[in-house]
Amino acid sequence: MFLGTFTPKLDEKGRFVLPAKFREELQNGIVVARSQDRCLTIETVEAFTARTKELADAPMTVRQVREYQRMLAATAFDQVPDKQGRVTIPPNLRVYAGLDKDIVITGVINRLEIWDAAAWEEYSTEHESAFAEMNEEVFPGA
């Protein structure tokens with residue numbers, strides 16, 4: 001399970017060091033991909049494969065399926081973190097998420113998200129007041 005917020009820095013090659021508590025779980029390989037809200041996700045290869053299985057089985061005759069498959073797969077990047085736990089974010093993904101030097105890594109239960117630090121601060125502040133109200137929408141009848 002991925003929990004917490006971390007603030008590593010991107011180096012000049014677009015690399016950052018994974019938080020130590022996640023390195024063992026991610027050491028065999030990850031997929032970095034675009035996500036909604038102008039952030040990126042990091043998932044294990046197994047989790048990414050499981051998440052995209054339904055998408056892979058969807059009918060190619062549906063235009064939205066083809067478009068989503070293209071946008072997700074064409075921009076996803078699989079890699080194995082190096083011995084120091086460094087991960088490289090390709091230039092196209094850094095541009096998409098607006099990443100420069102200051103980034104935020106958030107644990108989101110089954111994945112990590114990578115945010116530009118200023119974008120995360122804005123997003124977090126904007127959604128904090130609605131967090132309590134979301135419980136009723138996300139878990140109706142609870």
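1. **Ground rules.** This is a predicted model, in which local features need pLDDT of at least 70, side-chain atom pairs count only at pLDDT 80 or more, and totals for chains, interfaces and linings use all residues. Residues are numbered from 1 along each chain as its sequence is written, and side-chain values use heavy atoms, with hydrogens and water left out.

2. **The sheet.** An open sheet is built from 6 strands in the order β1-β7-β8-β4-β3-β5, with antiparallel pairing. At its edges lie β1 (5-6) and β5 (77-79), each pairing on one side only. Strands here are DSSP runs of E with at least two residues, helices are runs of H or I with at least four, and both are numbered from the N terminus. Two strands pair if DSSP finds at least two bridges between them.

3. **Neighbours of β4.** Strand β4 (residues 40-44) is joined to β8 (residues 112-116) by 3 bridges, and the two run antiparallel. Here T41 stands opposite E113, while I42 has L112 as its bridge partner. The β3 and β4 hairpin has 5 residues between its strands, and D37 in the turn has a positive phi of about 65°.

4. **Cover on β4.** Of the 5 residues in β4, 5 are buried. (Buried means under 20% relative accessible area, exposed over 50% and partly exposed in between, using a 1.4 Å probe and protein chains only.) L40, I42 and T44 point one way, T41 and E43 the other. In a regular strand, side chains alternate between the two faces of the sheet.

5. **Helix α5.** Helix α5 (residues 117-128) lies across β1, β7 (103-107) and β8, and runs at about 105° to β8. Axes are lines fitted to C-alpha atoms, for helices over the stretch in contact (heavy atoms within 4.5 Å), with angles from 0 to 180 degrees between N-to-C directions.

6. **A residue to look at.** V138 belongs to helix α6 (residues 131-138). Is V138 buried or exposed? V138 is exposed, because its relative accessible area is 55%.
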